Amino acid sequence: MPQEGARTWALAAFFFQNLCTPDPQHIKTTVLHALEDESALVGNVAGEAISTIFGILDWPECLPKLVKILEMSDLNKQGAALNTFKNMCENHLQKLDVDISGNRPLDLMIPRFLSFTDHPSVEMCAHSIACLAYLVPADCHSLSIHVDSFINCLLKCFSDNDPAVCWHYMLNATKDKNVALEACEFFFIFAGNVEHALVTKRQRRTPFLRSLLSKIALALLDCMIYSEDELLWLDDDKDLNIPDTEPNREGPIGSDDAGFVETMAAEWSVRKCAASVLDVLAVRFKGELFNVLLEPLKEKLWCNDWLQQESAILAVGATAEGCHEVMELHLPNLIPYLIDSLNDSKPLVRSITCWTLGRLSSWITKPISDELNGSYLSPTLEQLLCVVLDDNKQVQIAGCSAFKTLAENAGMELTPYLDRVLRNLVAALNKYSQKNMPMLYDSIGVLADAVGHELSNTGYVEVLLPPLIDHCMRLGDTDINLRALFQCLICVTTTLGDAFLPYASLVVERCYLILHKLFLRYQRSQEKPNVEESDQLILVLANIGMALEVLIKHSPNLLTLVTACFKHHHAPVVQSAYTFVGNMAMSCFDILRPFMPDIMSELVLQLTPEPKINFVGASNNALWSIGEVLLQYGQNNAEFQQWVNPLISRLILILRYLNSPQSIDENAAILQVRNDMRIGLMHPSIVAPHLSEFSEAWCHALCQSQEGEEKDSAFRGLCAMVQVNPAGIENSLIPFCDSMIKWQQPSRELSDMFRAVLHDLKKHDAVSWSVAFSAFSPITQEELATRYGA
């Protein structure tokens with residue numbers, strides 16, 4: 001190995017092996033020293049390490065050292081330091097834009113960046129302007145101090161047409177593979193902030209990008225072509241449908257290493273950055289940009305060079321959102337071209353075509369007219385289904401992704417094609433490798449959500465469920481795809497309802513066995529035993545619904561196991577367990593009832609004024625589950641009365657806690673008084689005496705919520721409690737009456753109750769009512785009098 005490469009790998013190995021050691025100072029000293037290495041490669045590796053360490057450790061001596069290196073005469077060392085600053089500005093700007101003992105690091109750095117914007121080295125200029133560009137959208141205090149110098153720097157290229165600064169530098173830099181990515185990132189940042197980036201108090205908006213739009217767009221198109229290096233590791237002509245293997249970490253990585261290909265394909269690149277810039281420009285300039293691109297795109301799309309064609313298809317997809325109105329005129333010709341491109345001999349062309357069709361799917365699924373309704377959906381779907389069964393694994397992924405987007409947009413329009421769609425997806429279940437299977441499971445779940453109850457047709461169920469259940473039975477308990485499969489089953493069971501019953505016993509048994517093993521492991525070790533699978537398993541069970549009544553009789557320990565998950569430390573597991581209880585209450589309460597003492601104790605404990613952020617969903621589900629249980633117990637049930645006061649005390653704390661998440665406030669209020677199935681009306685003699693403790697907070701919590709049956713029934717319940725205990729609302733009359741007049745469309749029943757309550761309040765204590773009414777705002781007084789005769 002060459003000496004330079006050896007030093008580079010040695011530095012990288014040192015950094016990663018020692019990052020977590022108790023002597024971080026040793027690491028800091030070593031990488032700062034390496035930044036001054038005679039090799040530019042070693043210096044750049046050290047710069048990456050410095051940026052990473054800077055993001056996770058306190059390092060006050062770092063910036064002065066970097067500035068000192070920046071002032072050296074050695075171009076390699078200057079470049080390494082400036083590149084390090086660029087990484088810091090990109091990833092750790094919040095640690096730079098701070099006041100430290102009266103000094104701001106950026107005050108020291110920005111003048112240096114500005115001084116390098118006219119450096120004779122394209123690379124130095126690109127790095128310095130990239131640093132400044134990252135500061136613009138963050139509205140940095142330090143940049144505002146130097147804004148005049150910054151603006152003058154940018155204006156220089158227009159006054160002198162000097163190719164050594166700013167925009168012209170960036171345009172030229174896109175052609176230099178060493179700094180092309182930085183140049184594209186510069187445009188990415190400025191394109192997204194052009195409305196504000198170049199404005200001072202004395203100088204209004206200047207249309208810099210618009211004046212260079214044509215040059216920038218064409219430069220970006222050239223950047224979107226695959227590089228020779230990318231093609232080498234992509235090995236496009238080689239069939240990638242090879243067995244899934246882990247990359248060999250100890251030896252050289254070959255072009256047939258599928259794991260390496262997937263890793264590299266996900267890397268941020270010049271090509272991806274250029275496409276992102278084009279997307280941003282399309283949203284901002286719309287038809288202006290498309291008119292600039294139209295002829296170059298036509299030329300590239302019909303070029304004999306497949307790389308040019310591929311880059312043009314990418315450009316079409318990148319501009320699809322912003323330019324959709326003007327592009328729509330050309331889509332009747334473009335869509336058939338793209339459909340035909342799905343048959344291209346090059347996998348990379350097929351892949352990018354899938355992505356672009358996905359970006360255009362909202363137009364493809366839109367009825368053009370009565371005569372042309374579905375004229376583009378049918379051929380697009382037909383060809384995408386073929387691509388889903390492609391022999392190339394990367395194309396399979398792209399095909400599934402495009403199909404999902406198309407299905408989400410098409411919805412019920414897919415119904416006429418369901419048989420063909422299901423048979424292709426089932427064929428893919430038998431063809432796909434392990435790594436592609438999660439994407440396929442997700443596609444099936446999206447299809448179920450899209451077509452809804454149409455999937456419950458007996459013929460469709462018989463096509464889809466046997467192979468899906470077979471996968472459920474065959475996957476190992478620790479298989480990495482188990483979570484994706486259960487997420488798919490959640491969608492399918494929710495959609496199919498009773499049509500799933502013939503298959504439910506197999507799934508329940510499988511879920512129970514896995515849950516049992518996970519729970520035993522959890523009890524033994526208190527570690528996280530595949531907790532993601534746990535919550536998915538419970539949701540699958542919860543969504544089976546009516547089947548549980550029969551199945552739990554044969555597996556009584558299942559309910560004990562699920563309710564034991566209430567004590568789990570992983571929030572999604574707890575939340576899913578509460579969903580299970582709520583569904584059980586609705587479908588088979590008789591089986592649930594013997595377990596209610598333990599269940600209610602846990603549900604009540606979950607109701608806290610300030611739950612941990614990841615347990616907010618669990619708290620909401622606990623509230624919902626309690627409501628469903630209340631409904632099943634019925635009016636004034638003696639058995640449930642033991643939990644009313646503990647519940648009320650918890651709910652009052654939530655309502656009166658100002659920092660409580662809004663969703664919990666609303667649910668708590670609704671839970672207390674919602675129609676005839678919430679605590680306030682189920683047990684009015686117990687709850688109404690507490691009215692003064694929660695009425696004001698309750699009114700504030702529900703006042704701004706959306707009108708609908710739940711809110712309407714909640715207010716009817718509150719009115720009923722006021723009628724039982726009118727004294728309980730006396731200290732909350734203003735928010736109570738304000739909430740009345742904010743109703744736009746109360747039901748007739750609620751409107752009558754408002755009128756009756758106001759009459760009862762005046763009758764209960766006329767003097768107090770008169771005093772309170774005089775304190776209302778004129779608007780409130782007028783509305784109460786006009787609407788309810790107050």
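Reader: Where is the place of Lys286?

Author: Lys286 sits in the loop between α18 (270-285) and α19. The model discussed here is a predicted one.

Reader: Why is Lys286 called partly exposed?

Author: Its relative accessible area is 43%. Buried would require under 20% and exposed over 50%. Lys286, at 43%, falls in between and is therefore partly exposed.

Reader: Why does Arg112 count as partly exposed?

Author: Arg112 has a relative accessibility of 22%.

Reader: Which residues is Arg112 in contact with, leaving aside its neighbours within four places in sequence?

Author: They are Val67, Leu70 and Glu71. Each has heavy atoms within 4.5 Å of heavy atoms of Arg112, so each pair counts as a contact. Val67 is 45 residues from Arg112 in sequence, yet their C-alpha atoms are 8.1 Å apart in space.

Reader: Why is Leu440 called buried?

Author: The relative accessibility of Leu440 is 0%. The class requires a value under 20%, so Leu440 is buried. Leu440 lies in helix α28. Not counting residues up to four places away in sequence, Leu440 touches Cys400, Leu425, Ala428, Leu429 and Tyr432.

Reader: How far apart are Leu440 and Gly399 in sequence and in space?

Author: They are 41 residues apart in sequence and 9.8 Å apart in space, C-alpha to C-alpha.

Reader: Why do Gln606 and Asn621 count as buried?

Author: Gln606 has a relative accessibility of 12%, and Asn621 has a relative accessible area of 15%. Both values are under 20%, so both residues are buried. Gln606 is found in helix α37 (residues 596-606), and Asn621 lies in helix α38 (residues 616-633).

Reader: Which residues surround these two, not counting those up to four places away in sequence?

Author: Gln606 touches Val574, Tyr578, Phe615, Ala618, Ser619 and Ala622. Asn621 is in contact with Gln575, Tyr578 and Thr579. Tyr578 therefore meets the 4.5 Å limit with Gln606 and with Asn621. Asn621 and Ser576 are 45 residues apart in sequence and 8.3 Å apart in space, C-alpha to C-alpha.

Reader: What makes a set of residues a nonpolar core, and how many residues does the largest one have?

Author: Its members are buried nonpolar residues joined through side-chain atoms within 4.5 Å. The largest core has 108 residues, and those with the most contacts inside it are Leu289, Ile335, Leu360, Leu447, Leu455 and Leu468. Helix α28 (residues 437-451) gives the largest share of this core, nine residues. Another core, of 81 residues, lies apart from it, with Leu515, Ala577, Val604 and Leu758 among its members.

Reader: What does Leu360 contact, leaving aside its neighbours within four places in sequence?

Author: Leu360 is in contact with Val316, Ala320, Met327, Leu331, Ile335 and Leu338. Leu331, Ile335 and Leu338 are among the buried residues of helix α22 (residues 331-341). The buried residues of α22 pack against several helices, including α19 (287-301), α20 (306-319) and α23 (347-359).

Reader: How many cavities of 30 Å³ or more does a search of the whole structure find?

Author: The search finds three.

Reader: Which residues line the largest cavity, and what are their classes?

Author: The lining consists of Pro726, Ile729, Glu730, Leu733, Leu761, His764, Asp765, Ser768 and Trp769. By class, five are nonpolar, two polar and two charged. Helices α46 (748-764) and α47 (766-775) each supply at least two of the lining residues.

Reader: How many helices and strands does the protein have, and what percentage of its residues count as buried?

Author: The protein has 48 helices and zero strands. Of its 790 residues, 53% count as buried. The protein exposes about 35,100 Å², of which carbon and sulfur atoms supply 52%.

Terms used
Residues are numbered from 1 along each chain as its sequence is written. This is a predicted model: local features need pLDDT of at least 70, side-chain atom pairs count only at pLDDT 80 or more; totals for chains, interfaces and linings use all residues. Side-chain values use heavy atoms; hydrogens and water are left out. On a 1 Å grid over the protein atoms alone, a cavity is a set of points where a 1.4 Å probe fits but cannot get out, and a pocket is an open set with protein on both sides within 12 Å along at least five of seven lines; lining residues have an atom within 4 Å of a point. Grid points are joined across faces, edges and corners, and a volume is the space filled by probe spheres set on the points. Helices (H or I, at least four residues) and strands (E, at least two) are DSSP runs, numbered from the N terminus. Ala, Val, Leu, Ile, Met, Phe, Trp, Tyr, Cys and Pro count as nonpolar, Asp, Glu, Lys and Arg as charged, and the others, Gly among them, as polar. Buried means under 20% relative accessible area, exposed over 50%, partly exposed in between (1.4 Å probe, protein chains only). Accessible areas come from the Shrake-Rupley method with a 1.4 Å probe; for residues, only the protein chains shown count as cover.
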